[in-house]
Every structure is written in structure tokens, then in C-alpha cells.
Amino acid sequence: MAIFTSIFRISLGALVANKLRSGLTFLGIIIGVTSVMTIVSALEGMQAAIREDLETLGPSTFMVAKMMTAMSEQEFLDKIKRKPITVDMAEAVEENCVLCDKISPRAFEDATVKYGSEKLNNITVMGGSSNFIDIVDMDVAQGQFHSPEDDLYKRKVAFVGDLVRETFFEGTDPLGKTIKIEGDKYMVIGVAKRRGQMFGESQDNFLIIPFSTFIGQFGEPRRQGVFLTIKAASVEQLEETMDEVRVILRSYRKVPYSEPDDFDLMTADNVLDLLNQFTRLFRLSLIGISAISLVIGGIVVMNIMMVSVTERTREIGIRKSIGAKQRHILMQFLFEAVVLTLTGGLVGIVAGFLIARVLTAQIDMSIQPSAVAIIAGLVISTGIGLIFGVYPAMKAARLDPIKALSYE
Amino acid sequence: MSMIRTEDLWRTYVMGSEQLHALRSVTLNIDKGEYVAIMGPSGSGKSTLMNLIGCLDTPTKGEYWLNGKGVRTMNDNELANIRNREIGFVFQTFNLLPRASALHNVELPLIYNGTPAAERSKKAKLALEKVELGDRMYHKPSELSGGQRQRVAVARALVNDPSIILADEPTGNLDSKTSEEIMKLLDTLHRQGNTIIVVTHEASVARHAHRVLSILDGQIAGDETIPEHERNGVH
């Protein structure tokens with residue numbers, strides 16, 4: 001142990017004595033680790049943001065629709081031919097599902113919305129039941145969401161996204177104002193809290209009206225059909241509840257026993273898994289590209305260590321002549337390499353995280369330092385020190401003491 | 001039992017297709033407490049012999065026993081151990097670490113046998129005091145004169161209390177006055193019971209020893225005991 005600490009001190013001394021050389025190596029590693037850390041942190045941040053967005057659904061909630069995903073063109077073509085889920089079917093689920101705690105039918109239509117002379121095209125108008133706000137974790141900034149009565153009496157009331165508020169009512173009170181959706185008049189009764197962007201697209205250009213009102217104005221949603229958002233009584237009962245809904249829908253849609261479902265059921269976890277599958281290659285290639293800079297950093301370490309060994313041949317000869325064993329010399333040079341890469345790695349981890357934070361802030365995400373990324377960064381930088389340091393260190397350890405002593 | 005015993009010792013270098021015999025069948029005995037000079041012109045093989053005795057090198061053929069232990073079959077680690085504990089080297093070019101203080105240079109052999117830091121520093125200070133450098137402990141080699149540097153090297157050689165002090169042309173880089181100083185130091189160490197082997201080509205240096213081995217063309221050409229009245233130094 002005494003030998004170990006003494007040799008470690010010798011290594012530190014050599015690093016301090018060769019500031020320029022140490023600094024250059026340091027830089028090589030910092031650049032490598034920083035780039036990897038930036039990418040990894042940013043990717044993790046994105047992942048977390050997506051998860052957070054999906055979890056507004058809650059862990060005991062699932063969605064049902066005619067088609068939610070298609071992993072291939074063939075699957076897409078098959079699914080597009082399915083019968084839509086009709087309002088009748090949605091009502092059948094509502095009437096018959098025992099395990100369902102809350103059921104919220106929804107339908108969508110792109111529409112033109114006007115307020116006075118101002119106009120917004122291609123706004124997503126959603127028809128949703130009054131309990132939608134309870135199932136989905138959407139915050140009300142102003143006013144309120146529509147009530148069961150609004151739904152029952154097909155009242156023409158609208159709950160608007162923040163972008164709609166900003167466009168029409170910036171600086172004024174939006175509540176009680178009248179807007180026109182495809183020519184029909186609606187009264188604004190509430191505003192959603194700003195949700196920000198995801199993948200560069202605003203999450204705030206929507207408008208929600210009662211489900212019954214929606215059907216009244218736009219009719220049965222023919223193409224996409226009705227979306228059902230269903231909350232099970234508890235997470236434990238999620239699977240059972242999904243099964244019950246599946247049975248009800250299959251019987252209403254007259255699906256034979258031998259045939260698979262002709263509709264999709266998905267939980268937030270399913271969506272996340274799917275998204276991960278889609279982005280896997282993208283993420284791997286980004287990490288791969290940034291890893292190249294780490295290898296370059298490693299080569300810098302090796303290069304500098306080789307120079308260092310050559311330059312200190314005589315020192316190695318002296319040490320060996322007074323009794324240093326091969327392993328002592330090996331340790332000394334490996335320590336040097338690892339101290340350099342490990343401290344470089346530490347700086348790189350912090351720098352990478354900060355850069356990632358600035359980058360993700362551009363797309364309205366906030367990332368937290370993750371233990372996995374930090375540990376990975378430390379392991380990687382130590383590994384680089386060991387891998388690229390071992391050859392020069394072995395070269396030093398194996399020097400012939402007589403030749404090393406006479407080296408000029 | 002001899003401290004150093006060699007029998008039919010050969011060291012052959014292969015240079016391309018030629019074989020160069022640096023040492024040819026050297027057989028010698030050196031006892032504990034002896035003060036021996038190995039003399040010979042450059043290229044005679046005296047440095048090769050010193051490298052072998054100092055366990056920096058192993059013989060091509062023949063046997064070498066140090067304190068009864070056969071060196072030829074030792075591996076790298078065992079040789080390092082011998083160099084650390086049994087041999088104290090003093091080189092012509094001092095071979096001190098330029099960036100380390102005198103104290104750290106002297107501590108170096110103790111580092112490699114795991115002596116704890118406190119004891120290390122105590123022993124190193126004692127060795128430096130022995131060579132009268134107690135007041136220069138924290139100076140770097142560049143801040144010391146040639147003679148002082150060589151004294152640091154002697155202290156380093158002494159610090160592990162080795163069986164042999166092996167000095168290779170210890171005065172080669174020093175002026176005659178300083179040379180005399182260093183030789184007197186070696187004389188004193190001998191009187192204190194150390195076994196000393198000095199490799200040199202200078203007769204005045206060799207005359208400090210009690211026995212002179214002459215080497216020529218890789219062979220021992222002479223082995224004479226110097227009568228006390230002919231010796232330099234001790235009177």
C-alpha cells in the first residue's frame with residue numbers, strides 16, 4: 001500500500017511538472033467526453049420529456065382507436081380499411097364496461113377558427129367529454145373546462161389552447177368572448193396552461209368543445225372514428241379493464257373468434273416503447289459518431305504517453321537500477337494516463353451536461369443530471385486511460401535498465 | 001563463503017552475424033568487507049562485469065552467486081529485489097532524478113521496497129547526514145555542485161544498507177580535488193564495514209582499494225593486493 005501511494009504521488013508529480021503535455025492530453029479527453037455526454041444527456045432529456053408528456057395520461061389509463069400505430073406500410077394499409085369506432089360503439093362501452101372508472105370519447109377535426117377579423121387555419125378542434133380533463137393531466141390557466149351539463153345540452157362552449165388565446169386575445173380577457181368555428185358561434189369558457197413545444201411543434205394550437213356539440217356540428221367522425229380514453233380503477237386492474245373493453249368492442253364490431261382485434265389498444269408505456277423502437281437507430285448512430293471523438297482522445301493519450309516514455313527513458317533506467325520492478329513502472333505510467341483521462345472525463349461530464357442543457361432548453365425541455373450518464377462517463381474515461389495507456393506503460397516497464405541508463 | 005563468486009562467466013553480444021565476447025570465462029571471488037577496484041581500459045569489459053555483478057544484466061554462460069544465491073536463473077522481479085536490497089549503485093553521471101530534491105532521490109530505493117513514508121524520510125535524512133549533506137536535503141541536483149551530487153548518489157546507494165556498494169567510474173565527471181573527496185568518502189564507508197567495488201580506468205582511483213582486478217579483452221589479467229603503504233587515502 002505504501003508503494004501504491006508513493007507511486008501515485010510520483011505520477012501526479014510528473015503530470016504537474018509537464019503542464020503543457022498534460023494540458024493537451026486533457027483537452028483531447030475533454031472534447032471526447034463532452035461530445036458523448038452532450039449527446040447522451042440530450043437524448044435522455046428528450047426521452048424524459050416524451051415520457052412526461054405521455055404520463056399526463058397516467059399509468060392506469062389507456063386509449064382505444066381504430067388505428068394508433070403502424071409499423072409497416074402493409075400494416076398501415078390493412079388498418080386504414082378498418083371500420084371506425086362509432087359514437088354508438090363508444091356508448092356501448094360506456095354502458096357495459098364495469099371495470100372502467102372513467103371513459104372519455106374524443107373526436108378530431110381540423111377547422112378554421114375566427115375571432116372578429118382574425119383567423120386561424122388548421123386548428124385541431126377536439127370534441128371531448130367533460131371528464132376528459134380528469135383523465136388527462138391538463139392544467140387550466142383561466143376559466144374552466146366544460147361541465148357535464150354543457151355536454152348534455154350540446155352547449156357551444158370552447159376551451160382553448162394557449163396559442164389560440166395568444167393569437168386572438170393577447171392583452172384582453174378571453175373569457176366570454178365569442179369565436180367562430182367553421183361559421184358556428186362558440187363562447188370561450190377556459191384557457192389551458194401553456195404546454196410548450198415537442199419536436200419543434202407547438203402543443204398549444206388546439207381547441208376543445210363538448211363531445212355532443214362536436215358530433216352535432218361535424219357529424220359522426222367517419223375517417224378516424226372516435227378515440228376512447230379510458231381510466232381503469234387502479235393500475236392493478238389495467239389489464240383486466242383493457243380485456244373487458246376488448247370483449248365489448250369485439251362483440252359490437254362482430255369480430256369472429258378466430259380473427260384478431262380490428263382496433264388498437266394502447267397504454268402510455270406502449271407508446272413509449274414504440275417511440276423508442278423508432279428512434280433507436282437514430283440514437284445509436286448519434287452516440288456512435290460522438291464515440292469517434294473519444295477514440296481520437298484516446299489516441300492523443302497514447303501518443304503523449306509514448307512521447308513521455310521516450311523522454312523519460314533515463315529516469316526509467318534509474319528507477320529500475322535501484323530496484324523498481326516492471327509492475328512499479330507500469331503502475332506509474334498507467335496512473336498518469338488514468339489521472340489525466342479521469343479528470344478530463346469529469347470536466348467533460350460537467351461541460352457535456354451544461355451544453356445539453358442549453359440545447360434542450362431551445363426545444364422547451366429541461367434535463368437533470370442522470371447517475372447513469374455520470375457513471376458511464378467516468379467508466380468510459382477511466383477505460384480510455386487504461387486501454388490507451390497500457391501499451392506505452394508496458395513499453396516503459398519492459399525497458400532494459402542498461403540501455404535505458406545510457407540513453408541520451 | 002564468498003559474498004560474490006563467479007565461475008566461467010561469459011557475456012556475449014550478438015551484432016548481426018558476429019558474436020562479441022565482452023567477458024570470457026571470468027572466475028572470481030570477493031569477500032565481505034573487501035575494497036576492490038576493477039581496472040581496465042575502455043572496451044575491456046569492466047562495465048559489462050559491473051553490470052553483471054550489479055544484477056542489471058544476466059550472464060550468457062557461467063554462474064554467479066551473490067551471498068550464495070545463483071543469479072543466472074533469477075527472473076526480472078528477483079533481480080529487481082537484489083538490486084534494491086543488496087546493491088548500491090554509484091554512477092559516473094550521478095543518475096539522479098533532476099526534478100526531485102536530494103532527499104527524494106535518496107528515498108527512492110526505499111519507495112520500491114515499501115518502506116513507510118515516515119521511516120523512509122528518517123533513513124534518507126540519516127544517509128544524507130552521513131555524506132555531510134544534511135543541510136542540502138531539499139536542494140535539487142541542479143542546485144548542487146558535482147561533488148555534492150555524487151554524494152547524494154552515495155547516500156542513495158547506502159540508504160538500504162546493501163551488501164555491496166558498486167561504483168562505476170565515480171570520479172569520471174569530477175575534477176581531481178572533488179574526486180579525492182568522493183574517494184575519501186568511499187574509504188570511510190569501507191572502514192565502517194561496507195564492501196566496495198570501484199570500476200575505474202584511473203590508477204589513482206584504483207589505489208584507494210585494497211585489491212585491484214585488471215581486466216583486458218574480457219578476461220581477468222591480474223589480481224593483486226595493494227600493500228597498505230602503497231594505498232591512497234588511508235594512512
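This is a short tour of a predicted model with chains A and B, one selection at a time.

**Stop 1: the contact between the chains**

Show both chains. Then select the residues where they touch. Chain A gives 17 residues to the contact, and chain B gives 23 residues. Now keep the side of chain A that touches chain B. Four elements of chain A each supply two or more residues there: helix H1 (2-17), helix H11 (313-321), helix H12 (326-362) and helix H14 (401-405). Colour this side of chain A by residue type. Nine of its residues are nonpolar, five are polar and three are charged.

**Stop 2: strand S11 of chain A**

Stay in chain A and select residues 227-232, which form strand S11. Is this strand mostly covered or mostly open? It is mostly covered, with six of its six residues buried. A:Phe227, A:Thr229 and A:Lys231 point one way from S11(A). A:Leu228, A:Ile230 and A:Ala232 point the other way. Both sets are buried.

Strand S1 of chain A, residues 61-65, runs antiparallel to S11(A) and is joined to it by four bridges. Look for A:Met63, which stands opposite A:Thr229.

**Stop 3: a sheet in chain B**

Move to chain B. Here four strands make an open sheet, in the order S2-S1-S4-S5, with antiparallel pairing. Which strands stand at the edges? They are S2 (18-30) and S5 (69-70) of chain B. Each has a single partner strand, so one side of each lacks a neighbour in the sheet.

Select S1 of chain B, residues 4-15, together with S2(B). Nine bridges link this antiparallel pair.

**Stop 4: helix H3 of chain B**

Finish with residues 102-111 of chain B, helix H3. How many of its ten residues are buried? Ten are. Among them are B:His104, B:Asn105 and B:Glu107, along with B:Leu103, B:Val106 and B:Ile111.

Now show what covers the buried residues of H3(B). The cover includes helix H2 (76-85), helix H4 (117-130) and helix H5 (146-158) of chain B. It also includes H1 of chain A.

Terms used. Residues numbered from 1 in each chain as written. Chains lettered and ligands numbered in written order. Predicted model: local features only at pLDDT ≥ 70, side-chain atom pairs only at ≥ 80, totals over all residues. Contact = placed C-beta atoms within 7 Å. Nonpolar A, V, L, I, M, F, W, Y, C, P; charged D, E, K, R; others polar. Buried ≥ 20, exposed ≤ 12 C-beta atoms within 10 Å, placed from the backbone. Pairing = 2+ DSSP bridges.
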